[in-house]
Amino acid sequence: MIHPIPPGTRDVLPDEMRELRAISGGMRSRFEQAGYGEVHTPALEYEDVLRRGEERAAGARYRTFDGQGDVLALRSDMTIPIARVVATRYAEAEPPLRFCYFAHAWRTTDRGVGEPREFLQGGLELIGPSAPEGEAEVLALTIAALDEAGLRRHRVGVGDGSLYRRLLGALDVPAEEHLPLLECLSRRDLVGLDMRVSALDGIGERERELLVRLPELRGGREVLERADGPVAEAVQGLRAIHELLAERGMAERVIFDLGLVRELGYYTGAVFEVYDPAVGFALGGGGRYDELLGRFGRALPACGMALDVQRVHMARAAEEALG
Amino acid sequence: MSSGLTIAVPRGALFDGALDLLDALGVDTAEVRANDRKLLFEEAGIVTMRPSDVPTYVEHGSADIGITGKDVLLEQAHRNVYELLDLGFGRCRMVVAATEGGDPIGSALRRLGRVRIATKYPRIAERHFSETGRQAEIVEVKGSVELAPLTGLVDGIVDLTATGTTLAQNGLREVEEIEVCTARLIANPVAHKLKAEQIDAIVERVRAR
């Protein structure tokens, strides 16, 4: 008899489970060694509470009602529940606070068949340290944890989610053009971006060039040298991250990417994405979210990273297949 | 010579333009031109496929970059790929068309409150009518769309037209333009980061043309 399960969910059988456990076990031991204690939070939360963290993610959450008519939602990431935990259970604790997790999250999808709606995230949150020390610690630990998980070729992309917004402000681009331009960037539509920039009034040739070329700047430290004008100041933060990672001997694992944006709205500075050349999709991402904890009543700077454990598994299998 | 990248090349209307472009970039396409049925050309780093499959292969990373029409990208707007360049060739237009004489679309909307539209591009059609505040019932067809209004299946169609000849020959006329579509260069998001030098080399050479 075949009994169906909802699309985007799946059963994990022993062979796969053993490999997934080996991967998450390796990552967990690295996190624990570095002082990140594992936490777990309820799958179901009050929607009102999750909404405090991020308004835009709300649409992607599965919802239900409890007996009192309160709206409950399945968590769509672990960062927001951990922000709640910090404000509630660590209200007086002296920072820094370090947490890791291995937990499922759920998101609706409009892509239909095959796109996962339930996924296993392994990640870490570092609460207290500001830029660039926090970023360097999270990035170095992510790279080390993926080493432990058996990957060999992984790299981390680092950008600044506020960079393009600041550039638009610095170049006096009309305010009503900001959102459409940022949407082009977030859709990775560089043709649309170019067309919109060309149509802008009262912007000089050099400024246009900067607006179109900035998202194309990605690579090693040389990228940060090539960013001039109003961007030069903004990439100071990325330079500082580079220096700290170079001290740890990890600079060559990092790709600076001035066009990198992440969908979630709570990021306030650096944003991260994790790649492996063996697969065509990112393995996870993260960034700095200095305002999120304040929305729960404990204003502290923080940054973190979330990896999709199943994607890490796929990347490992693909690396092995390449030999 | 190979570009060091795997390139998804569309067969069909964009095929010649795509191969001419690759020749100009120094990618050897002789073998591709000589083989009608072969699909994978490892030496040149080229895979050939129908245009609507290009975003699928590029999104997955089976191809690093690809060439396809803007019409395909609009229809598959959910694909996670970079749209890098407007390549300029393969120019055509996505239009709404209806039978000549009278105003079947306006009349359906006025009397029935909704219009029936046949198309091979259901997402583009859906979006266009919804953005212009009109209720449309989209009928997806796989073959010649021009037939649908002639047999009374629908009130109008959304389709791609280059010269308008096929429309005219079937007694149809364009009533609205939705979008001008040309060939685009797209890239896998991970390749865009990890193979930045090779991809930028191609982008720069296309821009310099």
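Student: Why are H1(A) and H13(A) called roughly perpendicular to each other?

Tutor: In this predicted model, the axes of helix H1 (residues 14-33) and helix H13 (residues 309-322) of chain A cross at roughly 105°. Angles of 65 to 115 degrees count as roughly perpendicular, and therefore H1(A) and H13(A) get that label. Their axes come within 10 Å.

Student: Which residues make the contact between H1(A) and H13(A)?

Tutor: H1(A) brings A:Glu19, A:Leu20, A:Ile23 and A:Ser24, and H13(A) brings A:Val309, A:Val312, A:His313 and A:Arg316. By type, the residues of this contact are four nonpolar, two polar and two charged.

Student: What makes H7(A) roughly antiparallel to H8(A)?

Tutor: Again, look at the angle. The axes of helix H7 (residues 190-198) and helix H8 (residues 205-213) of chain A cross at roughly 165° and come within 9 Å. Angles over 145 degrees count as roughly antiparallel, so that is how H7(A) stands to H8(A). The crossing of H7(A) past H8(A) is right-handed.

Student: What residues form the contact of H7(A) with H8(A)?

Tutor: On H7(A) they are A:Leu193, A:Asp194, A:Val197 and A:Ser198; on H8(A) they are A:Arg208, A:Leu211 and A:Val212. Four of the contact residues are nonpolar, one is polar and two are charged.

Student: How many residues are in the largest nonpolar core, and which have the most contacts inside it?

Tutor: That core has 121 residues, and A:Leu139 and B:Ile65 have the most contacts inside it. Helix H4 (residues 133-148) of chain A gives the largest share, eight residues.

Student: How do you know that B:Ile65 is in contact with B:Leu5 and B:Leu185?

Tutor: Residues are in contact if their C-beta atoms lie within 7 Å. Leaving aside neighbours within four places in sequence, the partners of B:Ile65 are B:Leu5, B:Ile7, B:Val58, B:Leu185, B:Ile186, B:Ala187, B:Ala191 and B:Ile199.

Student: Where do the elements come in on the side of chain B that touches chain A?

Tutor: Helix H3 (54-60), strand E5 (82-86) and helix H9 (189-194) of chain B each give two or more residues to that side. The contact takes 18 residues from chain B and 18 residues from chain A. On the chain B side, nine are nonpolar, four polar and five charged.

Student: What share of chain B counts as buried?

Tutor: Of its 209 residues, 44% count as buried; the cut-off is 20 or more other C-beta atoms within 10 Å of a residue's own. Chain B has 10 helices and 11 strands.

Definitions and conventions:
Residues are numbered from 1 along each chain as its sequence is written. Chains are lettered from A and ligands numbered from 1 in the order in which they are written. This is a predicted model: local features need pLDDT of at least 70, side-chain atom pairs count only at pLDDT 80 or more; totals for chains, interfaces and linings use all residues. Axes are lines fitted to C-alpha atoms, for helices over the stretch in contact, and angles run from 0 to 180 degrees between N-to-C directions. Helices (H or I, at least four residues) and strands (E, at least two) are DSSP runs, numbered from the N terminus. Angles under 35 degrees count as roughly parallel, over 145 as roughly antiparallel, 65 to 115 as roughly perpendicular and the rest as oblique. Two residues are in contact if their C-beta atoms, placed from the backbone, lie within 7 Å. Ala, Val, Leu, Ile, Met, Phe, Trp, Tyr, Cys and Pro count as nonpolar, Asp, Glu, Lys and Arg as charged, and the others, Gly among them, as polar. A nonpolar core is a set of buried Ala, Val, Leu, Ile, Met, Phe, Trp, Tyr and Cys residues joined through C-beta atoms within 7 Å. A residue is buried if 20 or more other C-beta atoms lie within 10 Å of its own, exposed if 12 or fewer, and partly exposed in between; C-beta atoms are placed from the backbone. A crossing is left-handed if the near helix is turned anticlockwise from the far one by less than a right angle, and right-handed if clockwise.
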